[in-house]
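Subject: Handover of a structure and its computed contacts

Dear colleague,

Please find the structure below, followed by a summary of what was found in it.

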Amino acid sequence: MAAQTVKQAFDAFNDELNLDPKEREEAQERHGEVTEVLAAAGLIATTFLQGSFARKTMRKPLKDVDMVIVLHESCRDEWFGAGKGGPAAAMAAIEAAIREKWADTEFDAEKAPPKALQVTFADCRFTFDLVPAFEDLDGTEVFIGNRKTDEWEWSNTRALRNLITERNLDTKGVFVRQVRMAKTFKDNNAAISGISSLAIESFCYKAVTRKTSHAEALADTFEHAAAAVLQPVYDPTGVDELSTDWTDNDRRTYAAAFSAAATQAREAIDLAGDDEHGTAIDIWRAVLGDPFPQPEPQTEDEVFAAAPGGSISSTGRVVTSVYGVQPNRPVRSWRTR
């Protein structure tokens, strides 16, 4: 059987991260049904999806779908403005309309997000977060309701979605896949658990501006992030800072983690260029975790062939290539006097 190449490994990795097409279709259908119900109740002007599901940067399994509920202008005088109880009232009205259609639905069963009504439909394996909103004055963005603070907060969620869509087009459709891969690196590295998924998306947005291989895109992202975390980090639109809670120690820890990943990524790229695909795959699995395919094990013949020279990879495999992190210096089996 022919040895697996790095490209084949990344193709399998991408398939492993993709949402189930059936679940995606179910979510889109339910989005349409909820829109119809709320429109029939006279509550809404329109709805749209936001978040990683809408931007197609979500990995499986599908857990939740963010849906912005743009309220009808007839509700503005009563609900819009601070101190009116509008966000909570809007959520209560949305709940009543949905309950009338789907009687066995649960609300805020797992959590009660400040800016969303969490909806658990009995026939869905994922939840919906329904976000009440009003159009801003020019109709380009929205004000989102916060029931905890009783305020309506301006959001550029449409601009964010559009930026990611444009970047994905610019990269011939690979960008969102590479974002999903970078998010998997975050899950595999406890040292950067304090970084939000949107921050990871932002690092990718800054680093990946054209179509390139998954390996190169991840290496570029890690290198960019290693420097970027030492400064304020903003979402891809440049509006919302995502690093306000990071301490100086956090930033140094994050920088070290991304720098180490970048070093391993470049090592893997160089080794793959020398046809050391098994070892390159081994390194990528160390960086990205279990969803990445396992390499074929080294045979004794391969180890002996590499032993007289070459190098040792960061994951301890012996290779004939000189691009491992440590030169292979075999010790003589005899002594001279």
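**Glu201 and its partners**

The side chain of Glu201 makes a polar contact with the side chain of Thr57 at 3.1 Å. A polar contact here is a pair of N or O atoms within 3.5 Å; within protein, one must be able to donate a hydrogen and the other to accept it, and residues adjacent in sequence count only if both atoms are side-chain atoms.

The model is a predicted one, in which local features need pLDDT of at least 70 and side-chain atom pairs count only at pLDDT 80 or more, while totals for chains, interfaces and linings use all residues. Residues are numbered from 1 along each chain as its sequence is written, and side-chain values use heavy atoms, with hydrogens and water left out.

Glu201 is found in helix α8, residues 197-207. Helices (H or I, at least four residues) and strands (E, at least two) are DSSP runs, numbered from the N terminus. With a relative accessible area of 0%, Glu201 is buried; the term means under 20% relative accessible area, with exposed meaning over 50% and partly exposed in between (1.4 Å probe, protein chains only).

Glu201 also forms a salt bridge with Arg55, the closest N and O atoms being 2.7 Å apart. Because Glu201 lies in helix α8 and Arg55 in helix α3 (residues 51-55), this pair ties together parts that are 146 residues apart in sequence. Arg55 is buried, as is Glu201. A salt bridge is defined as a side-chain nitrogen of Lys or Arg within 4 Å of a carboxyl oxygen of Asp or Glu.

**Other salt bridges**

A search of the whole structure finds 17 salt bridges. One of them joins the side chains of Asp123 and Arg30, at 2.8 Å from N to O. The two residues come from distant parts of the chain, 93 residues apart: Asp123 is in the loop between β4 (117-120) and β5 (127-135), and Arg30 is in helix α2 (residues 21-40). Asp123 counts as exposed at 53% relative accessibility, whereas Arg30 is buried at 7%.

Glu95 and Arg99 also meet through their side chains in a salt bridge, at 2.6 Å from N to O. Both lie in helix α5 (residues 86-101), four residues apart, which is about one turn of the helix. Glu95 is partly exposed, with a relative accessible area of 22%, and Arg99 counts as partly exposed at 36%.

**Surface charge**

On the surface, a patch of negative charge gathers Glu296, Glu300, Asp301 and Glu302. Such patches are made of residues with over 30% relative accessible area and no salt bridge, like charges being joined within 9 Å. Glu300 lies in helix α12, residues 300-306, and counts as exposed at 62% relative accessibility.

**Overall dimensions and one further pair**

The protein has 12 helices and 10 strands. Its C-alpha atoms fill a box of roughly 95 × 45 × 35 Å along the principal axes, and buried residues make up 48% of the 337 residues.

Finally, Gln178 is placed in helix α7, residues 175-187, and counts as buried at 1% relative accessibility. Gln178 and Thr221 are 43 residues apart in sequence, and their C-alpha atoms are 9.5 Å apart in space.

With kind regards

Key: Patches are made of residues with over 30% relative accessible area and no salt bridge: like charges are joined within 9 Å, nonpolar side chains (Val, Leu, Ile, Met, Phe, Trp, Tyr) within 5 Å. Accessible areas come from the Shrake-Rupley method with a 1.4 Å probe; for residues, only the protein chains shown count as cover. Lys and Arg count as positive and Asp and Glu as negative; His and the chain ends are not counted. The place of a charge is taken as NZ of Lys, CZ of Arg, CG of Asp or CD of Glu.
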